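Here are my notes for your next look through the coordinates.

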Amino acid sequence: MSRLVECVPNFSEGNNQEVIDAISRAVAQTPGCVLLDVDAGPSTNRTVYTFVGRPEDVVEGALNAARAAFRLIDMSKHTGEHPRMGALDVCPFIPVRGVGMDECVLCAQAFGQRLAEELGVPVYLYGEAARMASRRTLPAIRAGEYEALPEKLKQAEWAPDFGPSSFVPSWGATVTGARKFLIAFNINLLSTKEQAHRIALNLREQGRGKDQPGRLKKVQAIGWYLDEKNLAQVSTNLLDYEVTALHTVYEETCREAQELSLPVVGSQLVGLVPLKALLDAAAFYCEKENLFILEEEHRIRLVVNRLGLDSLSPFNPKERIIEYLVPDSGPEQSLVDKPLHAFIQEVGARSATPGGGSVAAASAAMGASLACMAGLMTYGRRQFEHLDAAMRRLIPPFHAASAKLTALVDADARAFAACLEAMKLPRSTPEERDRRAAALQKGLRQAVTVPLELAETVASLWPVLRELALCVNLACRSDLQVAAKALETGMFGAYFNVLINLKDISDDKFKDQIRQRISSLLQEAKTQAALVLDRLEERQE
């Protein structure tokens, strides 16, 4: 798995295209950095850049962008709707894949120190990188904005973490840190700026102050007016979308607007968004409206419609969802993305991977998909209309399992590759031998975990498969029979792969527990597959 950090620097320029483009080039030309998004706002006079790369690469990319901004932006002439205190106002580092928050803190520290030393500007640390509680939130550091900096920098409690305590008129000050994925989400209103801000005060966690907190945890918000769009916005930052979700912010804004008799006319996502945030919103609207939508593409389309994400400009999921922009497969194409013919050829090649574990996962995934297909061939047909409610309940587990099992095709190959890498480690000294042994044990446990997850996933499907066999469209009888045997084959494959990797693990207690569990799952699979086949044979045309 590639190590990936996201960097989202916010620069105080949203109108001068030459400046915006120069900063873009500075990032894009940094080796190892991939520029994903550039979102300029004329009224806010601010541009949000999003790029990813390895930890050391994104630090260089952020520094290159800052160097360009230092030459081209003069904060003494800046005006805009968005709160700001510097030419490079804020530069957060966010863990995306294969890295932890601690590494992002180190990125912020390295960036802040080098920025201050090279450009001679004050730099503050916030978020997870903050060195004191009073600097943990961005609004606390930015209070008073650029205009307050000359006096603020004279106060001992506001001495910067890096750089001088002197005011640099052309630059101001920069805040950098590490945080979770922040979603910048604005809801459009046909209202005044003051009405939008009133709603923002009611919703944001800070509220109107300590005595009047707002309703939504981990949400920052203000109201402003976009002259170029001729509408107001409740502009929010979701600091943790798993605490307060996109749809919650939108629905609560709609409720507040309704009380003021104000129309909500869609919304806007600034920058990129995690896939899970949109799928969580889709799940909310599917439940709220009793909708039956399986495909990820359709669920995202539903959210775009319900939130009005395309109200100000087209919303292209392939350009706005970070997982779609940065696939997990790395430089080589993943096994599941290859054509079937190529995958089969690779299985038959003189190479240890893909092997039995990947084939077992593929077999089980196809079994789950066949069951899903049989359910969909029953759902929505007039002659089986009485079964629609049952199909809505029975189909989703197979659809979800198919996606999970498909991912295990590559996961198994990666687990085996990790074991091979551990075996190649040097073993000349006692320390090297210890490190090699520890790495090998870790690799073997992962090589056991993947097929065990396959087995547990298949085991969860037997109850719904038995029920589906009792009522499925009999035109799909053979498909469901193949599904049962494909799932059973996947279980056999998982069993053998667990055992072969288990034998070299040194923890006897772990080995006994896993051996008992996988043996039990295999025996259950034999019994359940036979039951499904019997039920299908007993049914009459």
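1. In this predicted model, Ala221 stands opposite Thr236 in strand 10. Strand 9 and strand 10 (residues 231–238) run antiparallel and are joined by eight bridges. These strands belong to an open four-stranded sheet with the order 9-10-8-11 and antiparallel pairing. Strand 9 (219–226) and strand 11 (264–270) each have a single partner strand, so one side of each is left without a neighbour in the sheet. On average, and with direction ignored, neighbouring strands of this sheet are turned by 20° against each other. As a reminder, strands of a sheet pair through backbone hydrogen bonds, in either the parallel or the antiparallel sense.

2. How many bridges join strand 8 to strand 10? There are seven, and the two strands run antiparallel. Strand 8 also pairs with strand 11, again in the antiparallel sense, over five bridges. Asn186 shows both pairings: Ser235 is opposite Asn186 in strand 10, and Gln268 is the bridge partner of Asn186 in strand 11.

3. Are the faces of strand 8 covered or open? Both are covered: Ile183, Phe185, Ile187 and Leu189 are buried on one side, and Ala184, Asn186 and Asn188 are buried on the other. In a regular strand, side chains alternate between the two faces of the sheet. For strand 8 (residues 183–189), seven of its seven residues are buried.

4. Next, the helix pair. Helix 7 (residues 246–259) packs against helix 8 (residues 275–289) at an angle of about 55°, and their axes are 8 Å apart. That angle makes helix 7 oblique to helix 8. By class, this contact has seven nonpolar, one polar and three charged residues. On the helix 7 side, the residues are Leu246, His247, Tyr250 and Glu251. They meet Ala277, Leu278, Asp280, Ala281, Phe284, Tyr285 and Lys288 in helix 8.

5. Two loop residues deserve a backbone check. Most residues other than glycine have a negative phi. Ser261, in the loop between helix 7 and strand 11, has a positive phi near 55°. Ser261 counts as exposed because its relative accessibility is 67%, above the 50% cut-off. Asn290 also has a positive phi, near 55°, and is found in the loop between helix 8 and helix 9 (296–307). With a relative accessible area of 55%, Asn290 is exposed.

6. There is a cis bond to inspect as well. Most peptide bonds are trans. The one from Thr353 to Pro354 is cis, with omega near -5°. Pro354 has its place in the loop between helix 12 and helix 13.

7. Is Phe343 buried or exposed? Phe343 is buried, because its relative accessible area is 12%, under the 20% cut-off. Leaving aside its neighbours within four places in sequence, Phe343 is in contact with Leu335, Lys338, Pro354, Ala362 and Val409. Arg320 is 23 residues from Phe343 in sequence, and their C-alpha atoms are 30 Å apart in space.

8. Which residues touch the most other members of the largest nonpolar core? They are Leu405, Leu454, Leu465 and Leu480, in a core of 66 residues. The elements that give two or more residues to this core are helix 13 (356–376), helix 14 (388–423), helix 15 (430–459), helix 16 (462–471), helix 17 (477–502) and helix 18 (508–538). Helix 14 gives the most, with 13 residues. Setting aside neighbours within four places in sequence, Leu480 is in contact with Ala371, Ala374, Leu465, Leu468, Ala469, Val472 and Leu536. A second, separate core has 54 residues, including Ala87, Val99, Cys104 and Ala116.

9. Finally, the overall picture. The protein has 18 helices and 11 strands, and its C-alpha atoms fill a box of roughly 80 × 70 × 45 Å along the principal axes. Of the 541 residues, 51% are buried. Among contacts with a separation of 6 or more, 74% come from residues 24 or more positions apart.

Terms used. Residues numbered from 1 in each chain as written. Heavy atoms only, no water. Buried < 20%, exposed > 50% of the residue type's maximum accessible area, 1.4 Å probe, protein only. Contact = heavy atoms within 4.5 Å. Axes fitted to C-alpha atoms, helices over the stretch in contact; angles between N-to-C directions. Parallel < 35°, antiparallel > 145°, perpendicular 65-115°, else oblique. Nonpolar A, V, L, I, M, F, W, Y, C, P; charged D, E, K, R; others polar. Core = buried A, V, L, I, M, F, W, Y, C linked by side-chain atoms within 4.5 Å. Pairing = 2+ DSSP bridges.
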